Amino acid sequence: MSFESLLAALDRFHTTPVSVARYDTDVQAAAALLRTPPEHVVKLTEHGLPFRVDAKRGLLFERADLMNVGLMSASERTTLEMALRFALAFSTGPSSEWLDPRDWLVTVRLPEGEPGRYRLRVPDFDAPGVSVLPSTGLDLPPQGAQFDARGHQAALRITGAHGQVRDRRACDIFREMLADLHARTVVYQCVAEPLRMNHHQAWEQGTADCIVVSRVITDRLRAAGLQARARRGYLLGVVGGEHAWSEVFEDGCWKPIDVGLAFIPRRFPGGQDFPDTRDFIAACFGSRLNRLLPCTGKDAESLVHDTVDREPRAMFGLVSATPWKAR
């Protein structure tokens, strides 16, 4: 990993405001995330990467800032760049890759920390297209639970469905937000969890990720007179992660509107060689995708509840999904 590529990334994103930053990632963890020598991480502080000094742990960083250095480095080697390429590879395939039924073994782990400190929102097993598969030995959350304090594992079948949002107001809002992201009026980047929950502030400051986008577009759809909701859950795959999108109620059902997925595949460094994704972008405006698993909760609320600090926490690397075959 060249230091120059990391240095160039610092000018391509907005660092996390000090008022919401959590400086809790040390140099060694930062180096692993960026796949670079620790001395490169230290050197970045001389060029503007924010940090704090802890008497015992030394230099500490905001994880979202580190992830943005990786995403914007165009190195194609950092952990998040590679994860993103794997997670989005399905978007370049035929529509069957997005819509046909797929069986998944989904595992969600608790964050490291004090026993009992964290509670996780559970998947919405009653969501359209989601069904629990017969299985043995898996650790399902209690039926009807909203939170789980153990971590859980479930075998699920997720079935996509082709659809299209017809309402012109929704189409205009979708295109306007995509245009703002493509023009970098708003920079699509990692956003710290507290700022995600203050989504209008994040958007006005020129930063957004899928959670911010889902909450902003939901508010705009509602202001236009449409029935809309923001959903948050998981983007499944061998490499998956947290994701959020919006839904509008039309023709008697909820139709997804996913500005984040429509924008990401051709946006980040390392993704410019993806083939034309117009069909996939169209699918993000009304189709239900077979790799999205919503969780309980409303308005794309945080999936992790910290019972000690009582602050919203992000889910970094806590979910994994692999193809499932009945045993």
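What we have here is a predicted model, where local features need pLDDT of at least 70 and side-chain atom pairs count only at pLDDT 80 or more, while totals for chains, interfaces and linings use all residues. Residues are numbered from 1 along each chain as its sequence is written, and side-chain values use heavy atoms, with hydrogens and water left out.

So, the protein chain has twelve helices and 17 strands (DSSP runs numbered from the N terminus: H or I of at least four residues for helices, E of at least two for strands).

Now the crossing. Helix H4, residues 63-71, packs on helix H5, residues 79-88, at about 70°, with the axes 7 Å apart (axes are lines fitted to C-alpha atoms over the stretch in contact, and angles run from 0 to 180 degrees between N-to-C directions). Who makes the contact, meaning heavy atoms within 4.5 Å? From H4 we get Met67, Gly70 and Leu71, and from H5 Leu80, Glu81 and Leu84.

Next, a sheet. It's open, with four strands in the order S7-S5-S15-S16 and antiparallel pairing (two strands pair if DSSP finds at least two bridges between them). S7 (147-148) and S16 (312-313) are at the edges with a single partner strand each, so one side of each has no neighbour in the sheet. S5, residues 118-121, and S15, residues 304-306, pair over three bridges, and Arg119 sits opposite His305 in S15.

Key:
Contact = heavy atoms within 4.5 Å.
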